[in-house]
Amino acid sequence: MSFNIKTGLRSGRWLALSAVVLFLAFYNVSIAQKEIFLEQGRRVVLALRPLDPRSLMQGDYMILQFQIERDISRALPELAPRRGLAVLRLENGEHKLARLHGSEPLAEGELLLEFKQIGGGIKVSSGSFFFEEGQAKTYEQARYAELRVRDDGKAMISALLDEDLKVIKKNR
């Protein structure tokens, strides 16, 4: 059996083209899933922990830390599981920890928020907010984060809010 270089090159091109098409299809499905998440998720407002914004700025993103992460950490038992669900309740426009979730049903107005223990700390979302380069000053005024949360407690950051709970918009 002999190897034909022309056939081998054509096969390689088709393989490369197929890989690119598959990657683009996966990427587009991922974007569509995130857009659906943002549209269908319930709006949750969480207070950001006070930090020096200058120390948070690195390039075109901001590392976020939420007050509720500290509250969850304080409420966790000594040998807590690595993942769990917190029950939130809306108070004065902001969602706060009501309790850690067991198997009890949720009361009216309560919702779930998933958390994970990572490196000795608690995380409720990705913890990073990306924005266009040159917009750091605009987002330094953030005091709250708006998340979209599904019924299963998974969350995605959708916006940063100022002290009046208004969405901070980028400068043009």
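Colleague: Which residues of the largest nonpolar core touch the most other members?

Modeller: A word on the source comes before the answer. This is a predicted model, in which local features need pLDDT of at least 70 and side-chain atom pairs count only at pLDDT 80 or more, while totals for chains, interfaces and linings use all residues. Residues are numbered from 1 along each chain as its sequence is written, and side-chain values use heavy atoms, with hydrogens and water left out. A nonpolar core is a set of buried Ala, Val, Leu, Ile, Met, Phe, Trp, Tyr and Cys residues joined through side-chain atoms within 4.5 Å; buried means under 20% relative accessible area, exposed over 50%, and partly exposed in between (1.4 Å probe, protein chains only). Here the largest core has 27 residues, and those touching the most other members are Leu46, Leu64, Phe66, Ile72, Val124 and Leu160. Two or more residues come from each of β1 (42-47), α3 (67-75), β4, β6 (110-118), β9 (144-149) and β10, where helices (H or I, at least four residues) and strands (E, at least two) are DSSP runs numbered from the N terminus.

Colleague: What does Val124 touch, leaving aside residues up to four places away in sequence?

Modeller: Contact means heavy atoms within 4.5 Å. By that rule Val124 touches Leu46, Phe66, Ile68, Glu69, Ile72, Leu113, Glu114, Phe115 and Ala155.

Colleague: How many bridges join β9 and β10, and in which sense do they pair?

Modeller: Two strands pair if DSSP finds at least two bridges between them. β9 and β10 pair in the antiparallel sense over 6 bridges, with Arg148 standing opposite Met156 in β10. Their hairpin has 5 residues between the strands, and Gly153 there takes a positive phi near 95 degrees. β10 is mostly covered, since 5 of its 7 residues are buried.

Colleague: How many salt bridges are there, and which residues are linked with Arg89 in a network?

Modeller: A salt bridge is a side-chain nitrogen of Lys or Arg within 4 Å of a carboxyl oxygen of Asp or Glu, and by this rule the count comes to 9. One of them joins the side chains of Arg89 and Glu110 (3.3 Å, N to O), a pair that links distant parts of the chain, with Arg89 in strand β4 and Glu110 in strand β6, 21 residues apart. Arg89 counts as partly exposed because its relative accessibility is 33%, whereas Glu110, at 5%, counts as buried. The network of salt bridges links Arg89, Arg99, Glu104 and Glu110. Another salt bridge joins Glu146 and Arg148 (3.6 Å, N to O), and Glu146 counts as buried because its relative accessibility is 8%.

Colleague: Where does Asn92 lie, the residue whose backbone angle I wanted to ask about?

Modeller: Most residues other than glycine have a negative phi. Asn92, however, has a positive phi near 55 degrees; Asn92 is in the loop between β4 (83-91) and β5 (94-100), and counts as exposed because its relative accessibility is 81%. Leu165 also has a positive phi, near 65 degrees, and is placed in the segment after β10 (155-161).

Colleague: Which residues make the nonpolar surface patch?

Modeller: Patches are made of residues with over 30% relative accessible area and no salt bridge, like charges being joined within 9 Å and nonpolar side chains (Val, Leu, Ile, Met, Phe, Trp, Tyr) within 5 Å. Trp14, Leu17 and Val21 make a nonpolar patch of about 340 Å², with accessible areas from the Shrake-Rupley method with a 1.4 Å probe, where for residues only the protein chains shown count as cover. Trp14 lies in helix α1 (residues 5-40) and counts as exposed because its relative accessibility is 58%.
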